[in-house]
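Subject: Structure handover

Hello,

Here is the structure I said I would pass on.

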Amino acid sequence: MRGTDSIRESAQALRCTYIRDNIDSFLEEAALEEYGVAEAIDVLFARELETRRANTIRRNTMAARFPYRMDFASFETGHLSPEVRREVVEDRANVVLVGNPGVGKTALAVACGHAACAEGMRVMFASVPNLVTEIKEAMSLNELTRYKRNFERYDLVILDDLGYCSFSKECGEVLFNLLSNRNQKGSMAITTNLTFDRWAEVFKDEVLTAAIVDRIGHKAHVVDMTGESYRVIETERWLKESWKEDSAT
């Protein structure tokens with residue numbers, strides 16, 4: 001008679017980690033709960049699928065390289081306009097988030113990324129300055145083709161802080177190629193402090209800038225988050241609470 005050791009070996013070969021690690025305790029549970037054969041098999045495979053889903057989410061979240069943890073439940077929306085809350089927080093649309101520093105563009109983009117990972121999507125988060133550095137390194141190592149191929153395999157690419165550094169025309173052309181391919185290969189979200197009419201300050205080429213804006217604007221909702229800095233609001237709140245504590249003592 002085939003025993004649990006044999007089941008574990010088969011589970012290992014099939015990469016069924018839940019079954020491999022829990023078959024003994026599960027059989028005890030099945031006997032205690034008096035599961036029928038069909039019910040036991042159904043419960044066992046449901047838990048295996050849930051384990052695989054959780055492992056996929058964990059791997060995708062780690063691979064995305066988010067700067068911190070943020071989800072929609074934790075994201076502060078009180079300082080956002082109703083339009084922004086509807087378009088991004090509720091609809092979870094693909095977006096270009098435009099606004100002054102401190103309004104939560106990066107935090108909202110990260111929340112979108114975590115939500116995508118929870119749906120089993122492959123996500124890449126990168127600040128634009130770091131992305132430019134990676135492009136330059138790929139060019140110097142003659143590995144640009146492989147870099148482009150890797151860039152295209154993500155379901156969602158989040159580019160943070162477009163506008164805080166400019167780059168050469170050659171890098172701009174590479175970035176244009178990368179972003180253009182997102183129209184066919186996947187989605188993207190971009191945070192920036194510059195409105196579209198100022199993007200030439202970054203790309204240093206009017207024609208190239210117009211082409212990039214055309215590609216991005218065609219496939220994404222453009223959301224104006226300009227407003228009072230959330231960091232300023234938090235500082236004012238902290239100062240008020242500190243003043244109350246000092247007054248109480």
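The largest cavity in this predicted model is lined by Val-128, Leu-159, Leu-162, Leu-175, Leu-179, Ile-190, Trp-199, Phe-203, Ile-212 and Ile-216. Sorted by class, the lining has 10 nonpolar residues, no polar ones and no charged ones. The volume of the cavity is about 30 Å³. A search of the whole structure, with 30 Å³ or more as the requirement, finds one cavity.

Next, the sheet. Five strands make up an open sheet with parallel pairing, and their order across it is β2-β3-β4-β1-β5. Which strands stand at the edges? They are β2 (123-127) and β5 (221-224). Each of these has a single partner strand, so one side of each has no neighbour in the sheet. From one strand to the next, the twist averages 10°.

Strand β1 (residues 95-98) and strand β4 (residues 187-192) run parallel and are joined by three bridges.

Last, a pair of helices. Two packed helices are described by the angle between their axes and the distance between the axes. For helix α6 (residues 128-140) and helix α7 (residues 144-152), the angle is about 140° and the axes are 8 Å apart. Why is α6 called oblique to α7? An angle counts as roughly antiparallel when it is over 145 degrees, and the packing angle here is about 140°, which makes α6 oblique to α7.

Which residues meet where these helices pack? From α6 come Leu-131, Glu-134, Ile-135, Ala-138 and Met-139, and from α7 come Leu-144, Tyr-147 and Phe-151. By class, this contact of α6 with α7 has seven nonpolar residues, no polar ones and one charged one. Glu-134 belongs to the α6 side of the contact, and Glu counts as charged.

Regards

How values were computed. Residues numbered from 1 in each chain as written. Predicted model: local features only at pLDDT ≥ 70, side-chain atom pairs only at ≥ 80, totals over all residues. Heavy atoms only, no water. 1 Å grid on protein atoms, 1.4 Å probe; cavity = no way out; pocket = protein on both sides within 12 Å on 5 of 7 lines; lining within 4 Å. Points joined across faces, edges and corners; volume = space filled by probe spheres on them. Pairing = 2+ DSSP bridges. Helix = DSSP H or I, 4+ residues; strand = E, 2+ residues; numbered from the N terminus. Axes fitted to C-alpha atoms, helices over the stretch in contact; angles between N-to-C directions. Parallel < 35°, antiparallel > 145°, perpendicular 65-115°, else oblique. Contact = heavy atoms within 4.5 Å.
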